[in-house]
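Hi there,

Here is the structure I promised to pass on. Have a look at it first, and then read my notes below.

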Amino acid sequence: MTLEEITEGMRARVGDDAGLSKSVKFDFGDDGVVRIDDTQSPTVVDNTPADTDTTIATSLDTFSQISTGAVSPQVAMMKGDIKISGDLGLVMQLNKVLG
């Protein structure tokens, strides 16, 4: 899964309102970022590396495995494949974004 595919998939699932009222960034290291800014209307989904309420750092491979159900987010976190900083409560609201 490429950064562009992830961005477009999130944009399609989020639509005009992510229902988060906050911002979150998926940081894929050298592969780029996907930022969801739901403090604006309509919600912005782009690849701008701006500050957000929450940052989820992982690899494209791990994210792809989670989005296809091959790996659970909890297992990936326990293995250290996901690192979260910021508003942890926001992470619990991301089901709509992750599909």
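How many bridges join β1 to strand β4, and in which direction do the two run? There are four, and the strands run parallel. Strand β4 covers residues 54-57.

Before going on, some housekeeping. This is a predicted model, so local features need pLDDT of at least 70 and side-chain atom pairs count only at pLDDT 80 or more, while totals for chains, interfaces and linings use all residues. Residues are numbered from 1 along each chain as its sequence is written, and side-chain values use heavy atoms, with hydrogens and water left out.

**The sheet**

β1 and β4 belong to an open sheet of five strands, in the order β3-β2-β1-β4-β5, with mixed pairing. Strands here are DSSP runs of E with at least two residues, helices are runs of H or I with at least four, and both are numbered from the N terminus. Two strands pair if DSSP finds at least two bridges between them. At the edges stand β3 (44-46) and β5 (83-86), each with a single partner strand, so one side of each has no neighbour in the sheet. On average, neighbouring strands are turned by 10 degrees against each other, direction ignored. Helix α1 (residues 3-14) packs on the sheet and touches β1, β2 (33-37) and β3. The direction of α1 makes about 15 degrees with that of β2. (Axes are lines fitted to C-alpha atoms, for helices over the stretch in contact, and angles run from 0 to 180 degrees between N-to-C directions.)

You can follow the pairing residue by residue: Asp 27 has Ala 57 in β4 as its bridge partner, and Ala 57 in turn has Lys 83 in β5. β4 and β5 are joined by four bridges as well, but they run antiparallel.

**Lys 25**

Lys 25 is in strand β1 (residues 23-27), opposite Thr 55 in β4. Lys 25 is buried yet has no salt bridge. Buried means under 20% relative accessible area, with exposed over 50% and partly exposed in between (1.4 Å probe, protein chains only). A salt bridge needs a side-chain nitrogen of Lys or Arg within 4 Å of a carboxyl oxygen of Asp or Glu, and the nearest side chain of opposite charge, Asp 51, is 4.9 Å away. (Lys and Arg count as positive, Asp and Glu as negative; His and the chain ends are not counted.) What the side chain of Lys 25 does reach is the backbone oxygen of Ala 50, at 3.0 Å.

**Asp 46**

Asp 46 is in strand β3 and is buried, with a relative accessible area of 17%. Its side chain makes polar contacts with the side chains of Arg 35 (2.7 Å) and Thr 48 (3.1 Å). A polar contact is a pair of N or O atoms within 3.5 Å; within protein, one must be able to donate a hydrogen and the other to accept it, and residues adjacent in sequence count only if both atoms are side-chain atoms.

**Thr 58**

Thr 58 is in the loop between β4 and α2 (60-68), and at 11% relative accessibility it counts as buried. A polar atom of the Thr 58 side chain lies 2.8 Å from the backbone oxygen of Asp 81. Leaving aside neighbours within four places in sequence, the contacts of Thr 58 (heavy atoms within 4.5 Å) include Asp 27, Phe 63 and Ile 82.

Cheers
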